[in-house]
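Dear colleague,

Please find the structure below, followed by an account of what was found in it.

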Amino acid sequence: MEGDVGDFPANVAKYWCQRYLLFSQFDDGIKMDEEGWFSVTPESIARHHASRCGNGTVVDCFAGVGGNSIQFAFKSNHVIAIDIDSQRIDYAQHNAAIYGVSDKIDFINADFFQIAHCLKGDSVFLSPPWGGPDYAKVQKYDMETMLKPHTGSFLFKIASKMAPKVVMFLPRNVDLNQLAELALSATPPWSLEVERNFLNGKLKAITAYFENTAK
Ligand code: MGP
Ligand code: SAH
């Protein structure tokens, strides 16, 4: 994707201006689409997620254009990247090749919820659609009504059967009480650590790390 900020629609231009924060190798031919632009995890935050997920198998359930999967591939032995959108998972594979890590990743074009029962890993990473950039218009983001395509509690329930560690990347205005409720909903309760992710001094998002400490 080449050009000048004026070549992009206003809703994408804001993200194009931040392109090197999203992908430091952007100019090597990174491919994006509109949802990719507003959803991709900035590279330094994705690198941090990867450092926290360890070197075992990581399942990236909503891979998008690959921002997180690429960084997981640098740190872990095996990454499973899933996306329901066939063009976006193709872009993820293309982008991973630019970073030289596509051989570490299995790319699956599927509805995560249809295949979740077949998947196991050491960590499960969830960065689902938040309902678009309008997520920031409400004071408190409600995971039970605003996350797509399913509620936060449904997501956690499915993911917690796949691995002893579940990591959720969520809006900066998410209701923290709801995160505590998720951790307490497991039997026995899982531990929860909530992290605020800043980029150049600006709060971008929140990451919740849930762990089954009984295992
Ligand atoms: P943002 O709030 O749209 O951007 O998203 P920014 O630059 O903080 O906007 P500002 O106008 O408040 O300054 C911040 C970050 O959240 C993005 O870079 C993405 O990493 C992430 N993000 C945003 N959305 C809408 C989604 C989403 O729907 N899903 C996921 N997984 N991540 C998102
Ligand atoms: N972390 C990613 C961005 C994820 S955006 C990155 O850094 O690039 C959320 C993604 O979830 C979108 O690409 C969307 O196509 C995908 N998605 C939505 N519903 C899905 C489902 N049921 N199964 C798998 N992927 C889904």
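**Findings**

Glu35 counts as partly exposed because its relative accessibility is 28%; here buried means under 20% relative accessible area, exposed over 50%, and partly exposed in between, with a 1.4 Å probe and protein chains only. Please note that this is a predicted model, in which local features need pLDDT of at least 70 and side-chain atom pairs count only at pLDDT 80 or more, while totals for chains, interfaces and linings use all residues. Residues are numbered from 1 along each chain as its sequence is written, chains are lettered from A and ligands numbered from 1 in the order in which they are written, and side-chain values use heavy atoms, with hydrogens and water left out.

**Salt bridges around Arg88**

Glu35 forms a salt bridge with Arg88, with the closest N and O atoms 3.5 Å apart; the term denotes a side-chain nitrogen of Lys or Arg within 4 Å of a carboxyl oxygen of Asp or Glu. This pair links distant parts of the chain, Glu35 being in helix H3 and Arg88 in helix H6, 53 residues apart. Helices (H or I, at least four residues) and strands (E, at least two) are DSSP runs, numbered from the N terminus.

Arg88 counts as buried because its relative accessibility is 11%. A salt bridge also joins the side chains of Arg88 and Asp33, at 2.8 Å from N to O. That pair, too, links distant parts of the chain: Asp33 is in the loop between helix H2 (19–22) and helix H3 (34–39), Arg88 is in helix H6 (residues 86–98), and 55 residues separate them. Asp33 and Arg88 are both buried.

Asp85 is a further salt-bridge partner of Arg88, with the closest N and O atoms 3.5 Å apart. Asp85 is partly exposed, as its relative accessible area is 25%. Through shared partners, the salt bridges join Asp33, Glu35, Asp85 and Arg88 into one network. In the whole structure, the search finds 7 salt bridges.

**Helices H4 and H5**

Helix H4 (residues 43–53) packs with helix H5 (residues 67–75) at an angle of about 45°, and their axes are 8 Å apart. Axes are lines fitted to C-alpha atoms, for helices over the stretch in contact, and angles run from 0 to 180 degrees between N-to-C directions. H4 is therefore oblique to H5; angles under 35 degrees count as roughly parallel, over 145 as roughly antiparallel, 65 to 115 as roughly perpendicular and the rest as oblique.

Which residues of H5 are buried? They are Gly67, Asn68, Ser69, Ile70, Gln71, Phe72 and Ala73. H5 is largely enclosed by the rest of the structure, because 7 of its 9 residues are buried. The buried residues of H5 pack against H4, strand S1 (57–60), strand S2 (78–83), H6, strand S3 (105–109) and strand S4 (123–126), where contact means heavy atoms within 4.5 Å.

**Backbone features**

Two cis peptide bonds deserve mention. The bond from Lys148 to Pro149 is cis, with omega near -5°, and Pro149 is placed in the loop between S4 and helix H8 (152–159). The bond from Thr187 to Pro188 is cis as well, with omega near -10°; Pro188 belongs to the loop between helix H9 (176–185) and strand S6 (191–199).

Asn200 is not a glycine, yet has a positive phi of about 50°. Asn200 is in the loop between S6 and strand S7 (202–211), and counts as exposed because its relative accessibility is 69%.

Yours sincerely
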